[in-house]
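Please keep the structure open while reading.

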Amino acid sequence: MADEPQASAGQGGMPLDLGQVRARIDGIDETIQQLIAERARWAQQVGRAKGPLKAAVDYYRPEREAQVLRRVVDRNEGPLADEVLVRLFREIMSACLAQQEPLKVGYLGPEGTFSQQAVHKHFGHSAKGLPLASIEEVFQEVDAGNADFGVVPVENSGQGTIQSTLDMFLTSSLKICGEVELGIHQYLLGRTGRIEDIERVYAHPQSLAQCKAWLRANLPKAELVPTPSNADAARRARNADDAAALAGESAGHVYGLKTIAGPANDRADNTTRFLVLGRELLPTCGHDRTSLLVFVNDQPGALFGILKPFADVGLSLNRIESRPAHTRRWEYAFFIDVSGHVDQPEMQAALQQLGAFASTVKILGSYPVAVL
């Protein structure tokens, strides 16, 4: 086969034939399998060392996992890409953790959504995904303890903030435990596989916005029908030959649709950032981000007053977004992402200076920055 090496150097510099190369690979595979089994046994020892715990969430430490994955990247000298090795190690850790009990992770369903892909990217395929009907329900299920964690979209590189997610933090007590960046590739999916059959396109409003120019150029007369999720769009499209859905290719596999065209997104770098929701504030992993919700007093220079302390102590602001505070008319809350952990002395010094300008400062979470 074209991807198999035809010769390699042996110990004496003599070339190895294909049979010898395959035998060497078989031996390496056996060693890898033995090492994975050994790692799984040591993971069991971690559980025993912690004593009798009630659930899988008690064994899972996101900050520790982030440290392990960063070391994987730091050690990598090729030929496999960093992304490939991180994905492999994530699955190994996911499988080892699931020996105790699989993590239960809520996400915006149904099956086949980009949110489900984000769950797999962050937690591995050994976690148990819980598809839910809305972002609000993801918050509710994590808060009630029916899900160990939740994954919700918060912003897209081209379309901006998912406002419904930010609004939930105004009243929720949940903490942000991690973030996931997922490349979003939209495909036109249908029953027949022919674009000339398509008279209407189902898609989440975000997907319609991300593919606006492509749809105008390729399906200018098609009816565009918003849906609660891309997977729901695929589910509807499977019922008619003249309908199509904009969704990820995985949704096509789940709902038995053919890929008609794609990627259809207008930007090649289309990326969505997801947040991981939990119930506890995490210790530092050494490469953290802190998210704050700040209710600002109505006075001159208030916004400047809450931003300047972070600059004074050398902390970088990654993002700031305002939303109605849902308290009184024309009052706003600011969502702020800061590089660093809330326990750092610099962060504490900055937070102590906000009192003159902010009525309330809420720590939404300090969590590992996405590795890849």
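In what order do the four strands of the open sheet lie? The order is β15-β16-β14-β17, with antiparallel pairing. The model is a predicted one.

## The sheet

β15 and β17 are the edge strands. β15 spans 317-324 and β17 spans 358-368. Each of these edge strands pairs on one side only. From one strand to the next, the twist averages 15°.

The pairing of β15 with β16 can be followed in detail. β16 covers residues 332-339 and runs antiparallel to β15. Seven bridges join the two strands. For R319, the bridge partner in β16 is D337.

## The helix

Helix α11 takes in residues 302-312. Its buried residues are A302, G305, I306, P309 and F310. These residues lie on the same side of α11, because they cover an arc of only 135° around the axis.

Which residues are exposed on the other side of α11? They are F304 and A311. Buried here stands for under 20% relative accessible area, and exposed for over 50%.

G314 follows α11. The phi of G314 is positive, near 80°.

## Helix against sheet

What do the buried residues of α11 pack against? Their partners include the strands β14 (288-296), β15, β16 and β17. Helix α12 (345-352) is also among the elements they pack against.

Helix and sheet can now be read together. The strands β15, β16, β14 and β17 form the open sheet, and the buried residues of α11 pack against each of these strands. F304 and A311 sit on the other side of the helix.

Definitions and conventions:
Residues are numbered from 1 along each chain as its sequence is written. This is a predicted model: local features need pLDDT of at least 70, side-chain atom pairs count only at pLDDT 80 or more; totals for chains, interfaces and linings use all residues. Side-chain values use heavy atoms; hydrogens and water are left out. Two strands pair if DSSP finds at least two bridges between them. Axes are lines fitted to C-alpha atoms, for helices over the stretch in contact, and angles run from 0 to 180 degrees between N-to-C directions. Buried means under 20% relative accessible area, exposed over 50%, partly exposed in between (1.4 Å probe, protein chains only). The arc is that of the directions from the helix axis to the C-beta atoms. Contact means heavy atoms within 4.5 Å.
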